[in-house]
Amino acid sequence: MTDSPQKIKILITGATSGIGNQLAKDYLLEGHEVFAVGRDDDALAELKDLGAIPLNLDLMDRDKVIETFAKISHIDLAICAAGMCEYLDMPNFDSDAFMTVMSVNMGTLSHAIEGVLPKLIASKGRLVALGSASAYVPFARAEAYGSSKAAIHYLMKTLQISLAPHDVSVSLVVPGFVETPMTKQNDFPMPFIQTTKQASQAIRDGIEYEHDVIEFPKKLTLPLKALGTLPDLVWQQVSKKLNKK
């Protein structure tokens, strides 16, 4: 896709909010065909007006996802951007909240992958999923969200290996903080926060240049990766400061 100016067919989950919504709009402006997956009727209607093919779909319904995606004849690029965040406040560990976040973030992704993979194998396309810089260093209150994103990191990096023989490329997106409805709940400092337009540009550039890992902004992700290699006491202190109410 790097050297080809031709328009492609793109499926985007989480297309009715945040980063997924901005990606859908930007790809439509570039003239690509976009299958926009989400559950917000108003947002889907707006995307339809821009030329998208809207798919109102509960990604937690595995059978419905597979059935719906099977009806799409061709997909070159699938971007899995659906997800949620809920924080845990100790000393009470809310296992129900924890499992909800894990189930939604991993469930929506795994169902989407199962449904879209036959199309990507046929097109020799690319699979993209959103992780998070929170997976690099443990943060207080992000036990559920961070754990789900760490699982996504492992999954996508494993798929990079296992899907290579099938000519399917895999990209893991690792964003820092981005201004979305999900981050509005954050009551702690969010250094180097990006707009959804900045996030979309970084992701689209990374996909265009076929990067396996798309990290942004580097001034946040690189220090966090470095912190993850330091003794526990160091990153524990940093995490406490970043997540202090």
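Predicted model: local features only at pLDDT ≥ 70, side-chain atom pairs only at ≥ 80, totals over all residues.
Student: Which elements each supply at least two residues of the lining of the largest cavity?

Tutor: H4 and S5 do. A cavity is a set of points on a 1 Å grid where a 1.4 Å probe fits but cannot get out, and lining residues have an atom within 4 Å of a point. H and S stand for helices (at least four residues) and strands (at least two), taken as DSSP runs and numbered from the N terminus.

Student: Which of them gives the largest share of that lining?

Tutor: H4, with three residues.

Student: Which residues line the largest cavity, then?

Tutor: The lining includes Asn-105, Thr-108 and Leu-109, and also Ala-129 and Leu-130. Cys-80, Ala-81 and Ala-82 are in the list too, as are Thr-13, Leu-59 and Ile-152.

Student: New topic. In what order do the strands of the sheet come?

Tutor: The order is S3-S2-S1-S4-S5-S6-S7, in an open sheet of seven strands with parallel pairing. Two strands pair if DSSP finds at least two bridges between them.

Student: Why is one side of S3 and one side of S7 left without a neighbour?

Tutor: Strand S3 (53–56) and strand S7 (213–216) stand at the edges of the sheet and have a single partner strand each, so one side of each has no neighbour there.

Student: How many bridges join S2 to S3?

Tutor: Four, and S2 (residues 33–38) runs parallel to S3.

Student: Where is Arg-204?

Tutor: Arg-204 is in helix H6, which covers residues 196–208.

Student: Buried or exposed?

Tutor: Buried, because the relative accessibility of Arg-204 is 11%; the cut-off for buried is under 20%, with a 1.4 Å probe and protein chains only.

Student: What does Arg-204 touch?

Tutor: Leaving out residues up to four places away in sequence, Arg-204 touches Leu-23, Asp-26, Tyr-27 and Glu-30, where touching means heavy atoms within 4.5 Å.

Student: And which side chain does the side chain of Arg-204 make a polar contact with?

Tutor: That of Glu-30, at 2.7 Å. A polar contact here is a donor and acceptor pair of N or O atoms within 3.5 Å.

Technical notes
Residues numbered from 1 in each chain as written. Heavy atoms only, no water. Buried < 20%, exposed > 50% of the residue type's maximum accessible area, 1.4 Å probe, protein only. 1 Å grid on protein atoms, 1.4 Å probe; cavity = no way out; pocket = protein on both sides within 12 Å on 5 of 7 lines; lining within 4 Å.
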